[in-house]
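Here is a quick tour of one model, looking at a cavity, some helix packing and a salt bridge. Have the viewer open while you read.

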Amino acid sequence: MDIAIVTLDCFNELDSMIAAGILGRMSPQGWNVRICSPTPVIQSRSGTRVERQEDLSYANRADAVLIGSGWRTRDWVADDAIMSQLRLDPSRQLIGSQCSGALVLHRLGLLPDGVACTDGMTRPMLEQLGIRVPSAAFRIAGNIATAGGCLSSQYLAAWVLLRLAGEVKTREILSYIAPVGEEDAFVQRALSIVAPASEPALR
């Protein structure tokens, strides 16, 4: 499986790195989890510098694409040179957005039902665009998922795991990353959020 974590300059570390870290646990099973960016080096708002592993073309052929958020997402969404590089297809890919990443999905026409979860800062921007924002951390619509709040990145990762690796492997990985002594509650909570609306494993 090829997994793209789309990460743009001025990114939020919690969004991209939590998802990448969780999904990277599948590397022994042949999963390729890659930070994708239009530039060779990207920097977070707090100054963390990261070298991309792939350019944005990787996202177009990946099995799953997660779009992280950041403090300049609105600028990147307005940049035709960047947005034209993304040609995502929910008929063959799982596609998820974190917080302001929902602006990217809107720009790409990937919020067909006009509803998306996001963070409090992005909410008014989406509402001005006619998108309804529920007071929820996670929402699934077919092969598209949206998440709101930095730590909801764990739900995006769990959703991808559940769809592409199955429940047994998802439980195993979530148990490993859970706070010690809280494994069962952590796993059950995550699955209760991402499992009810999840479709059968993507083939």
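For residue classes, Ala, Val, Leu, Ile, Met, Phe, Trp, Tyr, Cys and Pro count as nonpolar, Asp, Glu, Lys and Arg as charged, and the others, Gly among them, as polar. The model is predicted, so local features need pLDDT of at least 70 and side-chain atom pairs pLDDT 80 or more, while totals for chains, interfaces and linings use all residues. Numbering starts from 1 along each chain as its sequence is written, and side-chain values use heavy atoms, with hydrogens and water left out.

**The cavity**

A cavity here is a set of points, on a 1 Å grid over the protein atoms alone, where a 1.4 Å probe fits but cannot get out; lining residues have an atom within 4 Å of a point. The volume is the space filled by probe spheres set on the points, which are joined across faces, edges and corners. The structure has one cavity of 30 Å³ or more, and the largest cavity comes to about 50 Å³. Its lining consists of Ile-5, Asp-15, Ser-16, Ala-19, Leu-66, Ile-67, Gly-68, Gln-98, Ser-153 and Leu-156. Helix 1 (13-23), strand 5 (64-67) and helix 7 (153-165) each give two or more residues to that lining; helices (H or I, at least four residues) and strands (E, at least two) are DSSP runs, numbered from the N terminus. Helix 1 supplies the largest share, three residues. By class, the lining of the largest cavity splits into five nonpolar, four polar and one charged.

Axes are lines fitted to C-alpha atoms over the stretch in contact, and angles run from 0 to 180 degrees between N-to-C directions.

| Pair | Angle | Axis distance |
|---|---|---|
| Helix 7 and helix 9 (183-194) | about 75° | 9 Å |
| Helix 7 and helix 8 (167-177) | about 145° | 7 Å |

The angle with helix 9 makes helix 7 roughly perpendicular to helix 9 (65 to 115 degrees counts as such). In this contact (heavy atoms within 4.5 Å), helix 7 uses Gln-154, Tyr-155, Ala-158, Trp-159 and Leu-162, facing residues of helix 9 including Phe-186 and Arg-189. The contact of helix 7 with helix 9 has nine nonpolar residues, one polar and one charged.

Against helix 8, helix 7 brings Ala-158, Leu-161, Leu-162 and Ala-165, which meet Glu-167, Lys-169, Thr-170, Ile-173 and Leu-174. That contact of helix 7 with helix 8 counts six nonpolar, one polar and two charged residues.

**A salt bridge**

There are eight salt bridges in the structure (a side-chain nitrogen of Lys or Arg within 4 Å of a carboxyl oxygen of Asp or Glu). One of them joins Arg-107 and Asp-80 at 2.7 Å, N to O. Arg-107 sits in helix 5 (101-107) and Asp-80 in helix 4 (80-83), so the pair ties together parts 27 residues apart in sequence.

Conventions: On a 1 Å grid over the protein atoms alone, a cavity is a set of points where a 1.4 Å probe fits but cannot get out, and a pocket is an open set with protein on both sides within 12 Å along at least five of seven lines; lining residues have an atom within 4 Å of a point. Angles under 35 degrees count as roughly parallel, over 145 as roughly antiparallel, 65 to 115 as roughly perpendicular and the rest as oblique.
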